[in-house]
Each structure stands twice: as C-alpha cells, then as structure tokens.
Amino acid sequence: MYIKRLKNLIDVVPANATLILSPENLYYFSGFTGGEGMLFIDKNKLLLFTDSRYTIQAKEEAPDFEIIDTKDYSVKDFLKSLGDKAYG
C-alpha cells in the first residue's frame with residue numbers, strides 16, 4: 001500500500017509528516033476523487049481536509065482517513081497548530 005511506503009519514507013527523510021495537495025496525489029494516496037482537499041500523513045494520523053461539498057464522498061472513498069470539514073477546522077488553523085516541526 002502506498003500509505004505504508006510513504007510512512008516508511010518519513011523515517012528516512014528529515015520530516016515528521018507530509019502534506020499532499022494535488023488532486024492526482026489525493027487520489028493516489030487516499031482514493032478520494034473530489035475536487036478540493038489536502039492530505040496530512042504522519043506515523044500516527046491520516047487526515048483528509050475538504051469542504052462540506054465533499055465530506056460524504058470523502059468518507060466513502062477514503063475510509064482509512066479521518067475526514068476534517070474545513071468549515072469546522074481550517075487548514076490554516078491546523079497548520080498553525082503544528083508549530084515549527086519539520087514537514088515535507
């Protein structure tokens with residue numbers, strides 16, 4: 001599975017997690033085909049941020065991910081909460 005490979009790569013590179021923004025890679029790593037979203041992947045969390053137009057679709061297409069509705073928790077606020085950690 002691609003997620004397992006990505007998590008193993010996190011151990012090798014100087015990063016704690018990765019952020020994925022491109023629609024092609026959203027699909028590649030999660031199966032989500034919606035038009036808007038962001039994946040956050042680290043050793044312990046699989047998060048998919050999207051807006052309310054896509055939350056039902058995201059839950060169906062990316063069942064391994066916790067779905068975050070950006071209406072409730074913005075990507076900007078999430079990234080601020082990470083502080084100065086290294087992310088790839």
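Reader: Hi! Which helix does Val75 lie in?
Author: In this predicted model, Val75 lies in helix H4, which covers residues 75–82.

Reader: And is Val75 buried, exposed or partly exposed?
Author: Val75 counts as partly exposed, because its relative accessibility is 24% and buried would mean under 20%.

Reader: Which residues does Val75 touch?
Author: Leaving out residues up to four places away in sequence, Val75 touches Met38, Phe49 and Thr70. Met38 is 37 residues apart from Val75 along the chain, with 8.1 Å between their C-alpha atoms.

Reader: Nice. What about cores, which residues touch the most other members in the largest nonpolar one?
Author: That core has 15 residues, and Ile20, Leu39, Ile41, Leu48 and Phe65 touch the most other members. Helices H1 and H2 and strands S2 and S3 each supply at least two of its residues.

Reader: Switching topic: how many salt bridges does the structure hold?
Author: One. The side chains of Asp51 and Arg53 meet in it, at 2.7 Å from N to O.

Reader: Are those two buried or exposed?
Author: Asp51 counts as buried, because its relative accessibility is 19%. Arg53 is exposed, with a relative accessible area of 58%.

Reader: Last one: which element has the lowest mean pLDDT?
Author: Helix H1, residues 2–12, has the lowest at 70, while helix H3, residues 55–61, has the highest at 97. For the protein, the mean pLDDT is 85, and 89% of its residues reach 70 or more.

Methods
Residues are numbered from 1 along each chain as its sequence is written. This is a predicted model: local features need pLDDT of at least 70, side-chain atom pairs count only at pLDDT 80 or more; totals for chains, interfaces and linings use all residues. Side-chain values use heavy atoms; hydrogens and water are left out. pLDDT is the predictor's confidence in each residue, from 0 to 100. Helices (H or I, at least four residues) and strands (E, at least two) are DSSP runs, numbered from the N terminus. A nonpolar core is a set of buried Ala, Val, Leu, Ile, Met, Phe, Trp, Tyr and Cys residues joined through side-chain atoms within 4.5 Å. Buried means under 20% relative accessible area, exposed over 50%, partly exposed in between (1.4 Å probe, protein chains only). Contact means heavy atoms within 4.5 Å. A salt bridge is a side-chain nitrogen of Lys or Arg within 4 Å of a carboxyl oxygen of Asp or Glu.
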